[in-house]
Amino acid sequence: MSSNSQFLFKTLILLFIFPLVNSRSIKSTFHKTTELDESLTYLWPLPSQFTFGNDTLTVDPNLSIVFTGNGVGSVIVKEAFERYKKIIFKHGSKSGEFFDVTQLTVIVHSDNDELQLGVDESYSLLVTKSNEHSIIGEVSIEANSVYGALRGLETMSQLCIFDYGVKTVQIHKAPWFIQDKPRFAYRGLLLDTSRHYLPIEIIKQIIESMSYAKLNVLHWHIIDEESFPLEVPSYPNLWKGSYTKWERYTVEDAYEIVDFAKMRGISVMAEVDVPGHAESWGVGYPDLWPSPSCKEPLDVSKNYTFDAIAGILADMRKIFPFELFHLGGDEVNTTCWTTTPHIKQWLQDHNMTSKDAYEYFVLRAQEIAISHSWTPVNWEETFNTFPSKLNPQTVVHNWLRGDVCQKAVAKGFRCIYSNQGFWYLDHLDVPWDKVYYTEPLEGIKSISAQKLVLGGEACMWGETADASDVQQTIWPRAAAVAERLWSDKEATSSTNTTSAALQRLEYFRCLLTRRGVPAAPVTNFYARRPPIGPGSCYEQ
């Protein structure tokens, strides 16, 4: 490039590109060495209680595992150990020399591997240096359940750092003693596969990355008005509503996703959104539409509609063992009911308004879900419209307003928090700190009421995200949600300033990228944008 061309190029950069970049994301392009603040604890999410020292331990690349306790035969823990060994020792390490840590002891007290809401995920992690009683260091994880052991393995993996100078995995600041448990039982991520189809491998990659942040529920928004990609054996024409015959999920695919998630301590909550958001159903079964020209909500006047819902849920119950099932119920425009002659007549015959019909539909769908031993979850519009009529088991899912969980728990309902102003990941202009400092228990004072808030969920709606950018949109902001839901509020507020939280989150984002997760820079003005220039992963 000539000098004139270089000048012109630099001028164009200054005139056209830099003004488009928010000032908070501009980093120096001069070479410098990035130094991490050694006073910070680079574990994400932050454990409940922990102490550490000043020693550095080396870890044997041939690290072995010893299982004890009633859960000694757990395949879930054994396979997790092998996965984490590959993560920890992915660089070639020196062998044939002395290592401080050669063995990991995992103690699991229960052999029950059923995965349901509220399963015990607590664990203790001990990392000690050799002393007069032992010539080798000790690393042990103790947990009541296999899922607590999984969380402990994740924390241990984050303690293990590869030193490029000596080509050895090390644990700094030993000895460590960590006692940890989640603040909330429900720590979710919604994934929308209707607006854009996501291949199985992408879904698995997302599930894998969820485990790194200790998220534990995948809310699978499988179908919506745009497409119906799931196979339903009882109604085999439903997936004619998929975009193409190549953008579908077989029953076997769904089983595979649920099993893959369970091995990582993650439940899958499926959603069938009714009565709105269901136009795609009628591609295969046009009788579900109010009319060919008015296609949603689903036809409330026909028993056939509820027979179809019953068939879908019966088939899905075989796949999804999680106790919660999402029935949607949001954004229901009832115009098609009041303008379609046969439905209008049905409303008159039953002395119903369109609002009454909305209530009737939601409650009847809830009865079907409950008949399959599911607890129904509904978006907040159902609570906002007819709270006194909802089944008492209902879990209210907040998204529109910030005070809905406060109002729901006051009436005895359980609630999941997903305020769209902060935890909707498709809102690209919401910065990480707004996500991080959002509090699900805002305005809820009594301990008994706080216990009714199951937790919260980051929502990855798919209108503008597909396989090419969905993971960059999820991460790292979903990690901010993950720490808010796992870690004690006091610990992440009093000792974790915004500057410290940012450094820790940037570190975790780089941990994700090292593990193959395409997490976007933390501080870009718009999420999922690439870096604006050269610089360290730890400063963007």
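**Entry 1: a cysteine to start with**

I began at cysteine 510, which counts as buried because its relative accessibility is 1%; buried means under 20% relative accessible area, exposed over 50%, and partly exposed in between, with a 1.4 Å probe and protein chains only. A note to myself before going on: this is a predicted model, where local features need pLDDT of at least 70, side-chain atom pairs count only at pLDDT 80 or more, and totals for chains, interfaces and linings use all residues. Residues are numbered from 1 along each chain as its sequence is written, and side-chain values use heavy atoms, with hydrogens and water left out.

**Entry 2: the disulfides**

How many disulfides does the structure hold? I found three, taking a disulfide as a pair of cysteine sulfur atoms within 2.5 Å.

Cysteine 510 is bonded to cysteine 537, with the sulfur atoms 2.0 Å apart. The torsion about this S-S bond is about -120°, so the disulfide is left-handed. Distant parts of the chain are linked here: cysteine 510 sits in helix H19 and cysteine 537 in the segment after H19, 27 residues apart. Helices (H or I, at least four residues) and strands (E, at least two) are DSSP runs, numbered from the N terminus.

Next I looked at cysteine 294 and cysteine 336, joined with an S to S distance of 1.8 Å. Their S-S torsion is about -90°, so this disulfide is left-handed. Cysteine 294 is in the loop between helix H6 (281-284) and helix H7 (303-317), while cysteine 336 is in helix H8 (residues 335-339); the pair links distant parts of the chain, 42 residues apart. Both cysteine 294 and cysteine 336 are buried.

The remaining entry on my list was cysteine 405 with cysteine 415, S to S 2.1 Å. I noted -75° about the S-S bond, and a left-handed link. Cysteine 405 belongs to helix H12 (residues 404-410) and cysteine 415 to strand S15 (residues 414-417), so the pair ties together parts that are 10 residues apart in sequence. Cysteine 405 counts as buried at 2% relative accessibility, and cysteine 415 is buried at 0%.

With the bonded cysteines numbered in sequence order, the pairing reads 1-2, 3-4, 5-6.

Cysteine 160 is buried, with a relative accessible area of 12%. Cysteine 459 is in no disulfide either, and the nearest cysteine sulfur, that of cysteine 405, is 12 Å away. At 0% relative accessibility, cysteine 459 counts as buried.

I then turned to strand S10 (residues 217-221): five of its five residues are buried, so the strand is largely enclosed by the rest of the structure. Val217, His219 and His221 lie on one side and Leu218 and Trp220 on the other, and both faces are covered.

Which strands run alongside S10? Strand S9 (residues 186-192) runs parallel to S10 and is joined to it by five bridges; two strands pair if DSSP finds at least two bridges between them. Leucine 189 stands opposite leucine 218 in this pairing. Strand S11 (residues 267-270) also runs parallel to S10, with four bridges, and serine 267 in S11 is the bridge partner of valine 217.

I checked the connections too. S9, helix H4 (residues 200-212) and S10 make a right-handed β-α-β unit; right-handed means that, with the strands pointing away from the viewer, the path from the first strand over the helix to the second runs clockwise. S10, helix H5 (residues 251-262) and S11 make a right-handed unit of this kind.

**Entry 3: the largest pocket**The largest pocket holds about 880 Å³ of space. On a 1 Å grid over the protein atoms alone, a pocket is an open set of points where a 1.4 Å probe fits, with protein on both sides within 12 Å along at least five of seven lines, and lining residues have an atom within 4 Å of a point. Grid points are joined across faces, edges and corners, and the volume is the space filled by probe spheres set on the points. The lining has 28 residues, and Ile161, Phe162, His172, Tyr507 and Arg514 are the closest to the centre. Among the elements that give two or more residues to this lining are strand S6 (160-163), strand S7 (168-174) and helix H19 (498-514). By class I noted 16 nonpolar, six polar and six charged residues, with Ala, Val, Leu, Ile, Met, Phe, Trp, Tyr, Cys and Pro as nonpolar, Asp, Glu, Lys and Arg as charged, and the others, Gly among them, as polar.
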